[in-house]
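Here's a quick briefing to read alongside the model. Keep the structure open while you go through it.

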2 protein chains.
Amino acid sequence: MLDTIRWTGSAVELLDQTQLPVRTVYVTISDQRQMHDAIRRLVVRGAPVIGVSAAFGAYLGIRNAANDSIKQRLSEVCDYLGTSRPTAVNLSWALKRIKDVGGRADARDVKRVVLGECLKMLEEDAQCCRAIGEHGAAMLRSLRRGGDNDEPLNVLTHCNAGSCVAVRWGTALAPIYVGIEQGLRFHVYADETRPLMQGSRITAYELQQNDVPVTVLCDNMAASLMDRGKLDCVIVGADRIAANGDVANKIGTLGVAILARHFHIPFFVAAPTSTIDLATATGADIPIEHRDAKEVTCPLGAVQAAPDGVDVFNPAFDVTPAQMVGAIITEKGVIRPPYLEALKRSLSS
Amino acid sequence: MLDTIRWTGSAVELLDQTQLPVRTVYVTISDQRQMHDAIRRLVVRGAPVIGVSAAFGAYLGIRNAANDSIKQRLSEVCDYLGTSRPTAVNLSWALKRIKDVGGRADARDVKRVVLGECLKMLEEDAQCCRAIGEHGAAMLRSLRRGGDNDEPLNVLTHCNAGSCVAVRWGTALAPIYVGIEQGLRFHVYADETRPLMQGSRITAYELQQNDVPVTVLCDNMAASLMDRGKLDCVIVGADRIAANGDVANKIGTLGVAILARHFHIPFFVAAPTSTIDLATATGADIPIEHRDAKEVTCPLGAVQAAPDGVDVFNPAFDVTPAQMVGAIITEKGVIRPPYLEALKRSLSS
């Protein structure tokens with residue numbers, strides 16, 4: 001499988017996602033400045049892998065430090081890396097974890113302990129996604145009815161919640177990657193996902209690299225695809241899941257969910273339990289970021305597609321009501337409605 | 001208002017809609033091959049003006065023919081032009097009309113008679129769109145309830161069925177242009193309409209040119225907009241209306257209709273009765289053109305947005321079932337369900 005991040009023993013190699021889908025290029029990161037730049041420029045993107053990358057960035061920033069200044073140095077490097085994507089919660093979470101672990105260690109052990117923690121985070125993330133994949137694949141297998149086992153399962157996904165957001169496997173695509181290992185067959189339909197086109201640029205790319213049959217469509221073609229009876233289910237990721245099961249995810253997810261309901265196609269969300277936020281009662285409490293008009297009026301910065309000065313509606317996320325979500329696939333298992341109790345239980349288990 | 005098509009006395013000038021919204025350029029069309037190319041490349045687009053354009057194309061194709069072969073020539077030229085956009089029923093309707101008129105004329109009168117018919121169609125189209133606007137504006141006025149007359153009516157439209165699809169006024173936007181003349185106020189939300197972005201490129205452009213407040217959104221943002229309670233109704237055009245009221249229109253229309261139904265927002269179609277095809281029993285009988293993958297993978301020909309060689313689903317149209325259509329606004333009046341009898345009546349009146 002395509003690696004998003006690799007530790008060579010002396011440096012980090014990151015798949016440069018700004019070059020996708022045209023070129024597959026790995027960037028070698030040897031110090032904290034290069035890592036800061038890579039995170040800031042979106043060479044690496046997606047909450048899980050940003051956290052792990054930042055942790056390695058912290059290690060690279062202290063590996064040449066003298067023992068008598070290493071804790072001070074660790075603290076400075078972590079603060080510095082935290083400014084690379086100031087709003088990414090996972091980034092500050094990962095850096096705090098590294099700072100805490102290093103801070104508790106004996107000065108002469110800090111380097112070893114921090115590197116160990118980085119490698120542990122790398123492994124944990126892969127295991128979490130793998131578990132999402134295992135639970136999801138088992139559920140998808142149950143969608144296969146009667147004698148049509150030779151037909152691939154046709155799955156629609158929106159945006160990119162695949163291996164490129166994580167160390168490996170990803171979230172929404174993990175059930176597909178793991179299912180294939182287990183003998184299931186898939187055909188994935190990837191919504192291009194305007195405005196930033198993560199679906200056609202990244203999802204289609206990683207599936208193609210991993211030999212999974214994939215078809216790209218514009219977001220507004222999903223209804224036609226469903227109307228033709230082509231889809232067995234929809235699987236998307238999540239940016240935040242409220243306590244009642246409402247799901248904030250990339251703009252367009254709500255529309256896909258409504259269409260899926262209309263056509264009686266199961267709609268699933270796959271996400272780690274770290275995405276569940278019990279402090280957020282419902283989707284109405286999730287702030288929705290509105291982004292630059294240029295993302296809409298000038299697709300991928302390449303061509304003017306709307307008249308100068310036109311007003312634009314460009315919310316980055318929408319909220320899909322819990323009652324449209326057939327199941328939430330997590331690393332701890334598949335959570336079914338009613339969600340309020342089930343989500344609470346999954347976090348305390 | 002900007003002209004979409006002009007007859008100079010010796011050639012047709014078409015507003016090159018592939019250049020909008022950046023440049024206002026007219027293409028001079030002097031023969032039938034150039035017209036075929038212009039229709040196929042969407043230099044000119046939208047059922048009404050395609051019909052008028054094709055008629056002029058037929059004239060351009062026979063104007064140098066000798067009298068003894070002119071009827072044979074007319075027939076060939078019409079057949080040839082009919083292949084430029086196979087799904088557009090208005091195209092074959094206009095060409096049949098030209099062929100019939102020319103066929104009935106004395107051989108030496110064919111050129112004069114055909115040109116006269118083209119000019120008549122130009123005038124008829126403007127009058128037809130005006131009538132759609134009058135009937136539509138009256139209907140929209142009835143959506144205004146109680147004391148909120150100071151608020152603009154918020155209308156979502158998909159693709160472009162404005163003045164740029166017709167000689168003047170257009171179809172879906174005609175009720176808005178005419179309504180404004182009559183003192184109604186509007187805010188139009190324009191779906192960008194991937195892959196060719198006629199919504200952001202053309203609808204937003206012409207509304208802005210005509211001082212109508214307009215907001216552009218990506219197709220996948222319509223659900224979020226509806227969820228916020230922003231919309232009073234949806235109005236779209238039609239490429240073909242089957243005898244039972246099923247509506248073929250630009251890809252994405254079906255999705256908008258399903259979302260509108262979900263959010264209890266009225267969904268209207270505005271189209272001339274020439275779009276109604278009683279010979280097509282239902283939408284299932286309407287052939288759906290599939291277009292080049294590059295339209296999806298390389299937005300507006302400007303930037304690679306998907307990996308090389310990826311499979312693409314790119315239907316140009318979809319079919320909205322009659323039961324989702326609240327009313328069909330035509331030049332003869334507003335047609336309400338049940339459509340089977342009402343459409344038949346409207347064509348025979």
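Predicted model: local features only at pLDDT ≥ 70, side-chain atom pairs only at ≥ 80, totals over all residues.

Residues are numbered from 1 along each chain as its sequence is written, chains are lettered from A and ligands numbered from 1 in the order in which they are written, and side-chain values use heavy atoms, leaving out hydrogens and water. Helices (H or I, at least four residues) and strands (E, at least two) are DSSP runs, numbered from the N terminus.

**How the two chains relate**

**Helix packing in chain B**

- H1(B) spans residues 32-40 and H2(B) spans residues 47-62; they pack at an angle of about 160°, with axes 8 Å apart (axes are lines fitted to C-alpha atoms, for helices over the stretch in contact, and angles run from 0 to 180 degrees between N-to-C directions).
- That makes H1(B) roughly antiparallel to H2(B) (over 145 degrees counts as roughly antiparallel, under 35 as roughly parallel, 65 to 115 as roughly perpendicular and the rest as oblique).
- On the H1(B) side, Gln32(B), Met35(B) and Ile39(B) make this contact, and the H2(B) residues include Ile50(B), Phe56(B) and Leu60(B).
- The contact of H1(B) with H2(B) has six nonpolar, four polar and no charged residues (Ala, Val, Leu, Ile, Met, Phe, Trp, Tyr, Cys and Pro count as nonpolar, Asp, Glu, Lys and Arg as charged, and the others, Gly among them, as polar).
- The H1(B)/H2(B) crossing is left-handed.
- H1(B) also meets H3(B), residues 70-81: their axes come within 10 Å and cross at roughly 20°, and the two helices are therefore roughly parallel.
- Gln32(B), Arg33(B), Met35(B) and His36(B) of H1(B) touch Arg73(B), Val77(B), Tyr80(B) and Leu81(B) of H3(B), which gives four nonpolar, two polar and two charged residues.

**Helix packing in chain A**

- H4(A), residues 89-104, and H5(A) pack at an angle of about 145° with their axes 9 Å apart, in a right-handed crossing.
- Among the contact residues are Trp93(A) and Arg97(A) of H4(A) and Glu117(A) and Lys120(A) of H5(A).
- By class, the contact of H4(A) with H5(A) has nine nonpolar, one polar and four charged residues.

- One open sheet of eight strands runs S15(A)-S14(A)-S10(A)-S7(A)-S4(A)-S5(A)-S6(A)-S12(B), with mixed pairing (two strands pair if DSSP finds at least two bridges between them).
- S15(A) and S12(B) stand at its edges with a single partner strand each, so one side of each has no neighbour in the sheet.
- Another open sheet of eight strands has the order S12(A)-S6(B)-S5(B)-S4(B)-S7(B)-S10(B)-S14(B)-S15(B), also with mixed pairing.
- Here S12(A) and S15(B) are the edge strands, and the twist averages 30° from one strand to the next.
- S4(A) and S5(A) pair in the parallel sense over five bridges, and Thr157(A) has Ala190(A) as its bridge partner.
- S5(B) and S6(B) run parallel, joined by four bridges, and Val188(B) stands opposite Val214(B).
- H11(A), residues 339-348, lies across S14 and S15 of chain A at about 155° to S15(A).

- Most residues other than glycine have a negative phi, and most peptide bonds are trans.
- Pro337(A) and Pro338(A) are joined by a cis peptide bond with omega about 0°, and Pro338(A) lies in the loop between S15 and H11 of chain A.
- A cis peptide bond also joins Pro337(B) and Pro338(B).
- His264(A) has a positive phi of about 60° although it is not a glycine; His264(A) lies in the loop between H9 and S10 of chain A.

Notes:
Left-handed = near helix turned anticlockwise from the far one by under 90°. Contact = heavy atoms within 4.5 Å.
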